[in-house]
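Trainee: Could you take me through one part of this model in detail, namely the nonpolar core and the helices around it?
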Amino acid sequence: MSEAHVLALVARYPHPSALARRAGDEALFEGLRRLQADGLVRRRGGLYRLTTAGAREHALSRAVGRLVARTPSAVRP
């Protein structure tokens, strides 16, 4: 599961059980541990939250995704 996908899930579903229902596999929690080690996600009060750096990373990945979606297919490699 990509880092951008995990960040999007945490931004939308901060509760661990909601995250597990959405992802449905163990890779999500491995990704969360990796993001916590990188300082992009924090767990407080039983909920996962994006840090300031995590929110910036999430916004950047969304912006890149929008740009790619608007690029004509003839230009894409």
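Mentor: In this predicted model, the largest nonpolar core has 14 residues, and those with the most contacts inside it are Val10, Leu19, Leu28, Leu32, Val41 and Tyr48. Two or more residues are given to this core by each of H1, helix H2 (16-23) and helix H3 (27-38). As a general background, nonpolar side chains in soluble globular proteins tend to be buried together.

Turning to H2, its buried residues include Pro16, Ala18 and Leu19, and because they cover an arc of only 160° around the axis, they lie on the same side of H2. Among the elements that cover the buried residues of H2 are H1, H3, strand S1 (41-44) and strand S2 (47-50). After H2 comes Gly24, whose phi is positive, near 75°.

H1 also takes part in a helix packing: helix H1 (residues 3-12) and helix H4 (residues 52-70) pack at an angle of about 115°, with their axes 10 Å apart, and their crossing is left-handed. On the H1 side the contact is made by Glu3, Ala4, Leu7, Ala8 and Ala11, and on the H4 side by Gly54, Glu57, His58 and Ser61; by class, this contact of H1 with H4 has four nonpolar, three polar and two charged residues.

Within H4, His58 deserves a separate look. His58 counts as buried because its relative accessibility is 14%, which is under the 20% cut-off. Leaving aside its neighbours within four places in sequence, His58 is in contact with Leu7, Ala8, Ala11 and Leu50.

How values were computed: Residues are numbered from 1 along each chain as its sequence is written. This is a predicted model: local features need pLDDT of at least 70, side-chain atom pairs count only at pLDDT 80 or more; totals for chains, interfaces and linings use all residues. Side-chain values use heavy atoms; hydrogens and water are left out. Axes are lines fitted to C-alpha atoms, for helices over the stretch in contact, and angles run from 0 to 180 degrees between N-to-C directions. Helices (H or I, at least four residues) and strands (E, at least two) are DSSP runs, numbered from the N terminus. A crossing is left-handed if the near helix is turned anticlockwise from the far one by less than a right angle, and right-handed if clockwise. Contact means heavy atoms within 4.5 Å. Ala, Val, Leu, Ile, Met, Phe, Trp, Tyr, Cys and Pro count as nonpolar, Asp, Glu, Lys and Arg as charged, and the others, Gly among them, as polar. A nonpolar core is a set of buried Ala, Val, Leu, Ile, Met, Phe, Trp, Tyr and Cys residues joined through side-chain atoms within 4.5 Å. Buried means under 20% relative accessible area, exposed over 50%, partly exposed in between (1.4 Å probe, protein chains only). The arc is that of the directions from the helix axis to the C-beta atoms.
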